[in-house]
Amino acid sequence: MEYWCGSVDSEGVFRPREGTPHELLLAVQSTETDMQAFSPLTEDLIMQSGVFPDRKEYIRRLREVMFHHAALVLADAVSGRDAELLQMVRTLDQMDEAINLLSERVIEWYLVTNPSFSQKGRKGSIKRVLPRIRRTRSRPLRGMADQLEGLAAARTALAADVSRLAGRVIPNTSELVGGLVAARIMARAGGLRKLASMPGSSVQVIGAEAALFSHIRIGSPSPKHGIIFQHRRVHNAQKGVRGRVARLLAAKIAIAARIDFFRGEPDEAFLRDANGRIDLAAGGSHDQN
C-alpha cells in the first residue's frame with residue numbers, strides 16, 4: 001500500500017520515502033490507489049519508521065507537501081488562457097451592479113431637486129435621464145452625473161474587450177452565442193476546464209441556480225434556461241420551440257467548450273453543422289452542404 005511518505009510491504013513493514021515536498025508530491029501523483037483496499041496509515045507504523053520522531057513532525061511534513069500542492073494548483077489556475085477573461089467578466093458584472101445602484105441613487109437625489117420629475121421618467125435607461133440631471137442647479141449632482149456617464153462608457157469599452165478576448169480564448173463557443181454571452185457562461189461555470197466537463201443540461205441552466213434550487217426545494221416550475229436566454233436565438237424563438245432551441249444550443253455549447261479546451265481553435269465543420277441544426281430547431285432551414 002502506497003502513502004505520501006512511504007509504503008507498507010506485504011509483511012506489514014513501513015518503508016519510508018525521503019525527498020523534498022516536490023519530490024514527495026510527484027511520488028503521490030504517480031501512485032494509483034485502490035480505495036476499496038485502502039487502510040489509513042497508523043501512528044505505530046509512522047513511529048516505527050524512524051523518519052518522524054513524533055506526530056507533530058509528521059503533521060509538519062504533511063503540511064509542507066499540501067501547501068506545495070496548493071501553490072502548484074493556484075499557479076496553474078492563474079496561468080490558464082481563460083484566467084484574464086474570467087477576471088474581466090467578473091469586473092464587468094460588478095460594474096453593472098455599481099452602475100445600477102448609482103443610477104438609482106442619483107435619480108433619487110435628482111427627485112429632491114426637481115419634485116416634478118415623474119415616476120414614469122425614472123424608468124428606462126439612465127442615459128435618457130442624465131441630460132436632464134445635467135441641467136440641475138446642484139453642482140455636486142452634476143458632478144455625479146458626469147462620473148456615472150464615465151463609468152458607463154468604461155463599462156461599454158470593457159464589454160467590447162471581453163467579446164474580443166472571448167473570440168480568441170473560446171472561439172467555437174463565442175461563434176455559437178457571441179463573445180459576451182459565451183464569456184459569461186464560462187465565468188459562471190468557473191472556467192473553461194469546468195465548462196468543458198459539463199453536460200448540456202447543466203449548461204442550459206447556468207445562471208438560473210436560484211430557480212433551480214427553488215424547484216428542488218419547494219417544487220416550483222423548473223428553469224428552462226439561464227444565461228443562454230440572453231442570446232437572440234433563445235429569446236427571439238417562438239415560445240413553443242424556445243425550450244427545444246435552448247436544449248440544442250446548450251448541447252452544442254458543451255461540445256464547443258470541449259473543442260475550445262482541448263484544441264483551442266475554430267472548428268468550421270462543427271460550427272456550420274451546429275448553427276444549421278439550431279436554426280432548423282428555431283424554424284429555419286438547415287443547409288447540409
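Which residues form one aromatic cluster? Trp4, Phe52 and Tyr58 do. The model is predicted: local features need pLDDT of at least 70, side-chain atom pairs count only at pLDDT 80 or more, and totals for chains, interfaces and linings use all residues. Residues are numbered from 1 along each chain as its sequence is written, and side-chain values use heavy atoms, with hydrogens and water left out.

**Aromatic cluster**

The structure holds four aromatic pairs. Rings of Phe, Tyr and Trp (its six-membered ring) pair if their centres lie within 6.5 Å; planes under 30 degrees apart are stacked, over 60 edge-to-face, the rest tilted. Two of the pairs involve Tyr58.

| Pair | Geometry | Centre to centre | Angle between planes |
|---|---|---|---|
| Trp4 and Tyr58 | tilted | 5.5 Å | 50 degrees |
| Phe52 and Tyr58 | edge-to-face | 5.3 Å | 90 degrees |

Trp4 and Tyr58 are both buried, and so is Phe52. Buried means under 20% relative accessible area, exposed over 50%, partly exposed in between (1.4 Å probe, protein chains only). Trp4 sits in the loop between strand 1 (2–3) and strand 2 (6–8), while Tyr58 lies in helix 3 (residues 55–79), 54 residues apart. Helices (H or I, at least four residues) and strands (E, at least two) are DSSP runs, numbered from the N terminus.

An open sheet of three strands runs in the order 1-2-3, with antiparallel pairing. Two strands pair if DSSP finds at least two bridges between them. Strand 1 and strand 3 (14–16) are the edges, each pairing on one side only. Strands 2 and 3 share three bridges. Val8 has Phe14 in strand 3 as its bridge partner.

**Nonpolar core**

The largest nonpolar core has 46 residues. Such a core is a set of buried Ala, Val, Leu, Ile, Met, Phe, Trp, Tyr and Cys residues joined through side-chain atoms within 4.5 Å. Among those touching the most other members are Leu85, Leu176 and Ile253. Helix 13 (239–262) is one of the helices supplying at least two residues, and helix 13 gives the most, with ten. Beyond its neighbours within four places in sequence, Leu176 is in contact (heavy atoms within 4.5 Å) with residues including His231, Leu249, Ile253, Phe270 and Ile278.

**Helix packing**

Helix 4 and helix 5 (residues 126–134) pack at about 35 degrees, axes 11 Å apart. Axes are lines fitted to C-alpha atoms over the stretch in contact, with angles from 0 to 180 degrees between N-to-C directions. Ser103, Val106, Ile107 and Tyr110 in helix 4 meet Ile126, Val129, Arg132 and Ile133 in helix 5.
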